[in-house]
Every structure is written in C-alpha cells, then in structure tokens.
Amino acid sequence: MTRHKGYALLCAVVALVVALSAAIYAVAAADHGPGPRTGDALAAPAAPPGGAGPAAPASTGVWVGTWGASPVGGEPGTESTGMAGRTVRNLVHTSVGGTGARVTLSNLYGTRPLTLTHATLAVAAGDHGPATAPGTLRRLTFGGATTVTVPPGGQTVSDPVALAVPHDGDVVVSTYSPTSSGPVTYHPHARQTSYVADGEHTADESGTAYTGTTVHWRYLTALDVLGTEADGTVVALGDSITDGVTATADADRRWPDVLAERLRGAARSGADAPRYGVVNEGISGNRVLADDPLRGASGPHRFARDVLGRPNVKVVIIDLGVNDILRDPGRADPDAIVAGLRTLVERAHAHGIKVVGSTLTPFRGHRGYRADREDVRRRVNDAIREGGLYDTVVDFDEALRDPYDPRSLRPEYDSGDHLHPSDLGYRTMARTLDLADLGDLTDLTGSAARA
C-alpha cells in the first residue's frame with residue numbers, strides 16, 4: 001500500500017467514526033425528549049419567581065401527581081352555553097414540585113365535543129388570586145397543536161412543559177373554548193376560588209380581566225409534575241370527608257393537604273418516610289355500592305380513572321362507606337359494604353398498589369343518624385379492625401370520636417353538622433396516619449399483601 005492510499009484510508013476511518021458518534025449523540029438526545037418549541041416565547045424556560053436559576057429540562061426525574069380532583073358531573077346551568085366565549089382560570093394547590101408539568105382536561109359529562117383553542121399553565125402570583133408570577137406562563141399544546149378537541153365522555157393530557165413548579169404553592173391553568181360542549185364537566189365543593197373572564201385571556205399575566213369567581217373546578221382533573229422531589233403518588237379515595245367540604249376555603253386544610261405537609265416536613269428533616277405527591281380524589285356523597293347522578297361514579301366504577309390513571313401510584317388510602325349507610329332508605333348491608341371495599345383492595349393489589357383503609361367516623365346528631373345505621377357503621381368498623389381487608393388500617397373513628405359518646409364526633413373536631421370534621425379534625429386525621437405505613441406494597445410481609 002502506498003503512503004497516499006494509506007492516508008486516504010485513515011481519513012475514511014476517521015470520517016466514519018465521526019459520523020457514528022454524531023448518530024449516537026442524536027439518538028441519545030432524542031431519548032431525553034424534545035425541548036421547548038422553537039419560536040414559542042411562552043414555551044421557553046424562564047426563571048422562577050425569586051430570581052432563582054432557569055428551570056431544569058422537563059425530562060429529569062419521574063412523573064407523579066401533585067394535585068387532582070375527580071370529575072363529578074355536568075355543572076347545573078351550563079347545559080346550553082357551557083363556558084363558550086369565556087376563559088376559565090382554575091387555581092389549584094400543589095403537594096410536591098417539579099421541573100416539568102402536564103395537565104389532564106375532561107369532557108366526561110359534555111354532550112358535544114369540547115374544542116379548546118387556547119390553554120396555558122403558570123405559577124400563581126400569590127394570595128389565591130388570578131394573576132400569574134412574572135415569566136412563568138407557558139402555552140399548553142396537545143400533540144404539538146395549540147387547539148384540541150375532546151369528544152363527549154373523553155379527556156386529554158397536555159404535552160409536558162418545562163416549568164419550575166413549586167411545592168406547597170398555587171398554580172393556575174387557563175382554558176378558552178369558543179363554542180359550547182354542553183354541560184361543563186366540573187368538581188363542586190372545591191374549597192378553592194377559581195376565576196372566569198369574558199373573552200380569550202389565557203395568556204394574561206394580570207388578573208384584571210378575571211372579574212368572575214367560582215367555587216368549582218371546571219374541566220381540569222389533574223396536574224402532574226416531573227422531577228426528583230418525589231418518587232411516587234399517594235391517592236386519597238373518599239367521600240366528602242376526604243373532599244374536605246367543611247374545610248376553610250382557600251386555606252388548604254383538607255386532611256390530604258395536611259398529609260402532604262407532613263410528608264414534605266419528613267423529607268426536609270431527613271426522616272425515613274416515603275416521598276410522595278398527594279392527590280385528593282374525594283367526592284362529596286360518594287358511595288361504594290352505587291353510582292349517583294349528582295355525586296359521581298361509585299368507588300369501584302371510578303377506581304381505574306381516579307387511582308390507576310394517576311402516575312406512579314404507590315399507595316391508595318380508602319375512606320368510603322359512610323354514604324352507603326346514610327343514603328340507604330332501608331338498612332344498609334354491612335357485609336355488602338365490606339365486600340365492595342374488598343374489590344377495591346383486590347384491584348389495587350393487581351397493580352402493585354398498597355391499600356391503607358380507614359374506619360368510618362361517627363355521625364350521631366346528623367340528620368341521617370339512626371340507631372340501626374350506627375349498628376351498621378360499628379359492624380363495618382369491626383370488620384376493618386379485625387384485619388384481612390386492608391394492608392394496614394388508620395383508625396379515623398378512634399381519633400375523632402367523643403370519648404364520652406363514641407357515636408359522636410368530639411366537639412372540637414365537629415364542623416357543626418355532626419358528620420364532617422372541623423379544620424382541627426382534618427388535621428387530626430392526617431396526624432393519625434403513620435407515615436411508615438405509606439411504604440409501597442413490596443415492603444409488606446403480611447398476608448393481606450398477597451391476597
């Protein structure tokens with residue numbers, strides 16, 4: 001081989017190595033997902049409030065639920081015009097933070113397609129108002145498009161956006177639809193003020209246009225974050241007591257809120273406790289054995305959507321059964337209630353999810369109280385305490401009951417209606433939970449985990 005031919009061969013080998021390296025780099029970059037869309041100022045990373053550095057790429061960490069609300073029904077009064085021509089700005093409170101986010105929007109109870117032409121997400125400016133923190137507004141897309149049409153009975157999940165989402169903070173999600181989809185899919189009893197503006201104002205940082213207020217969450221059913229702050233999700237599946245219908249409005253004092261606070265505190269202190277986002281899937285009036293057109297699907301019928309549909313769920317806390325007792329015109333069957341709860345446990349275990357079950361809290365003095373209903377509650381609680389149903393039990397009944405009359409709530413834990421707890425009662429419920437019991441299913445050695 002001549003020197004000239006050897007040199008040419010060497011150059012060819014070097015060129016081949018460079019080409020292969022570039023191809024490998026391109027594949028590796030693609031595995032980390034796309035960055036913000038070029039030319040969309042709202043999609044570009046921005047410094048979070050307080051002058052901190054830019055948000056990390058939206059591809060680091062794991063997806064967890066930081067907030068959720070179950071769709072309950074079609075909002076009364078919206079059957080004909082829906083929210084056509086108005087911007088809905090939902091305000092929600094996070095349990096954990098992240099460097100990326102996505103939302104789920106639902107048209108479950110709509111009768112026509114829901115067309116959303118604009119949608120944004122931003123960190124709220126504070127004070128539970130509609131304004132956004134400077135530089136945090138992000139345009140939401142769906143499959144790369146800014147417009148999405150959700151069929152009746154369906155839902156859609158947005159593309160991820162890079163954003164420094166704070167833990168224990170407020171986030172606003174704004175949507176605009178030019179046409180009506182029929183009844184607006186909503187969650188009543190939000191205990192959180194959200195906002196409405198006439199016209200299209202999804203990209204407004206100012207809250208000036210948002211002159212209307214609402215006590216409902218509309219269309220929005222989930223906010224997920226991507227990051228390293230948490231490695232799983234715990235879902236609270238319950239009724240109005242979990243929903244927190246008597247908690248102080250705009251104060252985030254439902255018992256799942258306090259549980260999230262405890263988990264964050266444990267993480268800061270370095271305690272040996274799980275790192276979870278907390279999702280509240282409580283529905284006022286919800287039951288185990290029956291659907292209700294005004295109070296949503298039963299626990300078993302919504303389990304796939306509200307528990308299995310959330311990201312990286314490790315644990316579900318079940319507090320259901322009281323409404324099966326209170327709303328039965330005859331005498332509720334305690335064995336049927338326990339059997340219904342058992343089906344939830346079996347479905348959770350089939351997906352590797354641990355189940356923490358609660359005893360049913362007292363309600364003497366409530367308008368639905370009867371001696372025979374108290375007997376059913378006692379029998380259900382006996383079955384729960386005996387073991388074999390749940391992986392572990394949190395005794396909300398013992399924590400809240402009046403020691404002088406166990407059929408009643410302790411006065412300081414009673415909101416006044418003799419069924420729902422006060423803020424102090426909700427806090428006591430959250431404190432009753434042993435954080436060590438929230439370890440995932442693989443930590444268990446008991447027979448319940450293998451049921």
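Hi everyone. Let me start with a definition: helix axes here are lines fitted to C-alpha atoms over the stretch in contact, and angles run from 0 to 180 degrees between N-to-C directions. Helices (H or I, at least four residues) and strands (E, at least two) are DSSP runs, numbered from the N terminus.

Now, what are we looking at? This is a predicted model, where local features need pLDDT of at least 70, side-chain atom pairs count only at pLDDT 80 or more, and totals for chains, interfaces and linings use all residues. Residues are numbered from 1 along each chain as its sequence is written, and side-chain values use heavy atoms, with hydrogens and water left out.

The overall picture, then. The chain has nine helices and 23 strands. Of its 451 residues, 53% are buried, meaning under 20% relative accessible area with a 1.4 Å probe, protein chains only. Contact means heavy atoms within 4.5 Å; among contacts between residues at least 6 apart in sequence, 81% join residues at least 24 apart.

On to two helices. At what angle do the axes of H3 and H9 cross? Helix H3, residues 255-269, and helix H9, residues 423-432, cross at roughly 45°, and their axes come within 8 Å. H3 and H9 are therefore oblique to each other; oblique covers what is left once angles under 35 degrees count as roughly parallel, over 145 as roughly antiparallel and 65 to 115 as roughly perpendicular. On the H3 side, the contact is made by Trp255, Val258, Leu259, Glu261 and Arg262, and on the H9 side by Tyr426, Arg427, Met429, Ala430 and Arg431. By class, that contact has six nonpolar, no polar and four charged residues.

Let's stay with H9 a moment. Its buried residues are Gly425, Tyr426, Thr428, Met429 and Ala430. They pack against helix H2 (240-243), H3, strand E19 (313-319) and helix H8 (396-400).

Next, the strands, which pair if DSSP finds at least two bridges between them. An open sheet of six strands runs in the order E7-E6-E11-E3-E13-E14, with antiparallel pairing. Its edge strands, E7 (138-139) and E14 (212-214), each pair on one side only. E14 pairs with strand E13 (residues 194-198) over three bridges, and tyrosine 195 stands opposite threonine 213 in E14.

Finally, is strand E10 enclosed or open? Four of the five residues of E10 (residues 161-165) are buried, so this strand is largely enclosed by the rest of the structure. E10 pairs antiparallel with strand E4 (residues 98-106) over three bridges, and glycine 98 has valine 165 as its bridge partner in E10.

Technical notes:
Ala, Val, Leu, Ile, Met, Phe, Trp, Tyr, Cys and Pro count as nonpolar, Asp, Glu, Lys and Arg as charged, and the others, Gly among them, as polar. Buried means under 20% relative accessible area, exposed over 50%, partly exposed in between (1.4 Å probe, protein chains only).
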